[in-house]
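Subject: Structure handover

Hello,

Here is the structure I said I would pass on. My notes on it follow below.

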Amino acid sequence: MLRVFLGLCLPNSVKDQLSPMKSGLPKARWIDGENLHLTIRFIGEVEETLAGDIHDALSTLSFEAFPLRLKGIDCFHSRNKVRAVWTGTATSSHLKYLKRKVEMNLGRTGLPAESRKFTPHVTLARLKLAPLTSVIPYLEANAGFQTESFQVDQVFLFRSHLGHRGAAYETLAAYPEKI
């Protein structure tokens, strides 16, 4: 079984802009720079044959390169307990279009469409159910965060290897822009 997802790599210049954001949250597990990415679609555990079908379906993915900017800071929380802190993206019709195209191509493999609302983000830190009140000062202090624009011209199929120190990602395939 392979644990896979589709995402975007971040250029080093953008990772460098994210680096100063990695402080100011007690007990946060900050994501290593090499693991920073923007998930387009988490797929999960699949058999190797289905992974091959996913690759075949994505090989025909067509989209035009577009600029994207990371913007703002937020968190995922439930019952006032925070699990992750992340930066989002500036509004992008191109990114929404890419997400729809990915879903259409994946539909050919028999995978059901994602049921959750698409919230494009780059996870900066994971927390073990920290109280929301302890995270709010960090969110407020960094509310105006944004990066320079960068060009999105490839989508990547990643394999996630879970370990006791977090996940490590392996690039299985890249799908460059095609018009």
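Phe 156 is buried, and Phe 158 is buried too; buried means under 20% relative accessible area, exposed over 50%, and partly exposed in between, with a 1.4 Å probe and protein chains only. Before the rest, two remarks on the basis of these notes. This is a predicted model, in which local features need pLDDT of at least 70 and side-chain atom pairs count only at pLDDT 80 or more, while totals for chains, interfaces and linings use all residues. Residues are numbered from 1 along each chain as its sequence is written, and side-chain values use heavy atoms, with hydrogens and water left out.

Aromatic rings

The structure holds 5 aromatic pairs. Rings of Phe, Tyr and Trp (its six-membered ring) pair if their centres lie within 6.5 Å; planes under 30 degrees apart count as stacked, over 60 as edge-to-face, and the rest as tilted. One of the pairs is Phe 5 with Phe 158, which is stacked, at 5.0 Å centre to centre and 25 degrees between the planes. This pair links distant parts of the chain, since Phe 5 is in strand 1 and Phe 158 is in strand 9, 153 residues apart. Helices (H or I, at least four residues) and strands (E, at least two) are DSSP runs, numbered from the N terminus. Phe 5 counts as buried because its relative accessibility is 3%, and Phe 158 does so because its value is 6%. Phe 158 also pairs with Phe 156; that pair is tilted, at 5.9 Å centre to centre and 35 degrees between the planes. Phe 5, Phe 156, Phe 158 and Tyr 169 form one aromatic cluster.

Helix 2

In helix 2 (residues 48–58), the buried residues are Ala 51, Ile 54, Ala 57 and Leu 58. They lie on the same side of helix 2 because they cover an arc of only 120 degrees around the axis, the arc being that of the directions from the helix axis to the C-beta atoms. Glu 48, Thr 49 and Asp 56 are exposed on the other side of helix 2. The buried residues of helix 2 pack against strand 1 (2–9), strand 3 (37–46), helix 3 (93–107), strand 9 (154–163) and strand 10 (166–176), where contact means heavy atoms within 4.5 Å.

Strand 7

Strand 7 (residues 122–131) pairs with strand 2 (residues 29–30) in the antiparallel sense over 2 bridges; two strands pair if DSSP finds at least two bridges between them. Here Trp 30 stands opposite Ala 125 in strand 7. Strand 6 (residues 81–89) also pairs with strand 7 in the antiparallel sense, over 6 bridges, and Trp 86 stands opposite Thr 123 in strand 7.

Regards
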